[in-house]
Amino acid sequence: MRVALVHYWLLGMRGGEKVLEALCELFPQADIYTHVYDKTSVSPVIKRHKVTTSFIDRLPYSRKYYQKYLPLMPMALEHLDLGDYDLVISSESGPAKGIIPNSSAVHICYCHSPMRYLWNMYRQYHDGTSGLTRLMMPPLAHYLRTWDVTTAQRVDAFAANSHTVAARIRRYYRRPSTIIHPPVDTVGFQPVPSSEIGDYYLMAGELVAYKRPDIAIEAFNRMKAKLVVIGKGEELRRLTALAGPTVTLMGAQPFEVLKHHYARCKALIFPGEEDFGIVPVEAMASGRPVIAFGRGGATETVVHDKTGLFFDEQSVECLIDAVEAFERWSFNPADALQRASLFAAGQFKQNFSALVDSVMQGEPHVYDHAGGPVTGQDAGHACKIQASSGVEPWPDPLSLMH
């Protein structure tokens with residue numbers, strides 16, 4: 001069986017690339033197709049595969065300004081020749097699923113999210129632009145949405161990385177999906193004795209506006225409490241100017257530094273609404289709790305009042321209330337470690353292999369591999385942490401497949 005893996009672009013090793021890496025391990029002979037490729041920025045596992053790029057890769061400054069070429073990506077995908085493959089697996093959050101496989105091939109799309117800048121976050125992205133981009137965005141987005149919905153019909157089966165994303169696939173594409181959480185390298189993190197826990201909180205990840213790092217920095221400014229921020233992004237300069245004396249922005253750091261701070265922080269601060277969110281799982285794998293905004297993927301990984309606390313509104317006041325409640329809360333690191341183990345890379349591989357087998361054999365394939373949703377969204381009142389949901393960790397996902 002010849003297998004092709006289609007990924008939107010390969011310019012780093014974020015969550016989407018970690019999924020691709022796991023797929024490469026599942027299908028070691030697979031070929032990879034992508035729009036733009038920088039082999040110096042990906043893992044050895046990915047580099048071992050044959051990588052073919054679309055014509056976008058040969059356009060001027062494509063590796064730096066690849067997003068500017070978004071209107072050309074539909075045509076670029078459809079120009080790729082995937083006629084020799086029996087199984088095509090697309091990894092989608094930028095344009096990837098729009099390839100044209102042969103009529104006898106099976107196409108499975110692992111969807112991190114329908115493109116946020118076209119769908120659920122279109123207004124935020126539009127309002128953050130100016131000039132020619134702001135003028136051209138509405139007609140281009142309309143064209144791209146039409147193409148995006150049309151190409152959803154070229155997919156034989158969708159896998160969603162969370163219940164949150166499954167709901168978007170159902171809303172925008174009118175398609176069901178199998179929920180398979182992405183792989184997290186939980187074994188790469190370890191807890192430390194309580195005597196080594198520091199007096200600071202941690203926020204980690206890409207510093208972009210929709211993740212709302214500004215809320216965390218302003219909250220800790222007001223509380224005069226210690227916050228360490230690890231990560232880079234377009235908001236780094238603005239956030240550095242916003243930070244008070246108790247907030248330390250470290251920028252991008254090596255894995256060992258991140259691992260050290262995960263294990264020794266009082267808690268992870270997670271103020272954004274994510275599709276899934278690997279960072280909270282990494283924190284729990286380090287034996288630390290999470291204080292998170294109670295929407296999106298965090299509600300499927302963090303167990304309220306057991307491995308962390310949720311707050312109900314993306315505001316400075318609500319986050320302050322949550323931190324103050326956390327200071328009075330009792331936490332057992334063993335609960336966090338057990339919860340994180342459910343999202344290990346091996347679990348992803350087992351679940352995705354089962355999906356591929358069922359689709360290739362023509363069996364019904366819409367399983368909920370993750371069990372029922374843990375929404376954690378039974379809010380108390382505004383600006384307070386949520387009332388305990390009483391939920392327990394999910395059972396073994398494989399036991400829920402059939």
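Predicted model: local features only at pLDDT ≥ 70, side-chain atom pairs only at ≥ 80, totals over all residues.

Tutor: Let's start with Lys 224, which is exposed, with a relative accessible area of 68%. You'll find Lys 224 in the loop that runs between helix H7 (213-223) and strand E9 (227-230). For a sense of scale, pick out Gly 98 too: it sits 126 residues away from Lys 224 along the chain, and the C-alpha atoms of the two are separated by 49 Å.

Now look at the inside. Leu 227 belongs to the largest nonpolar core, a set of 56 residues. Along with Tyr 201, Tyr 262, Ile 269, Ile 291 and Leu 319, Leu 227 touches the most other members of that core. The biggest contribution to this core comes from helix H12 (residues 316-327), which supplies eight residues. Ile 269 is a handy one to click on: if you skip neighbours within four places in sequence, its contacts include Leu 227, Tyr 201, Phe 220, Ile 291, Leu 319 and Val 323. There's also a second, separate core of 39 residues, with Tyr 33, Ile 56, Tyr 122 and Val 155 among them.

Leu 132, Leu 135 and Met 136 make a surface patch of about 330 Å². Met 136 is part of helix H5 (residues 131-152), and it is partly exposed, at 36% relative accessible area.

Definitions and conventions. Residues numbered from 1 in each chain as written. Heavy atoms only, no water. Patch = residues over 30% accessible without salt bridge, like charges linked within 9 Å, V, L, I, M, F, W, Y side chains within 5 Å. Areas by Shrake-Rupley, 256 points an atom, 1.4 Å probe, with all protein chains shown as cover. Salt bridge = Lys/Arg side-chain N within 4 Å of Asp/Glu carboxyl O. Helix = DSSP H or I, 4+ residues; strand = E, 2+ residues; numbered from the N terminus. Buried < 20%, exposed > 50% of the residue type's maximum accessible area, 1.4 Å probe, protein only. Core = buried A, V, L, I, M, F, W, Y, C linked by side-chain atoms within 4.5 Å. Contact = heavy atoms within 4.5 Å.
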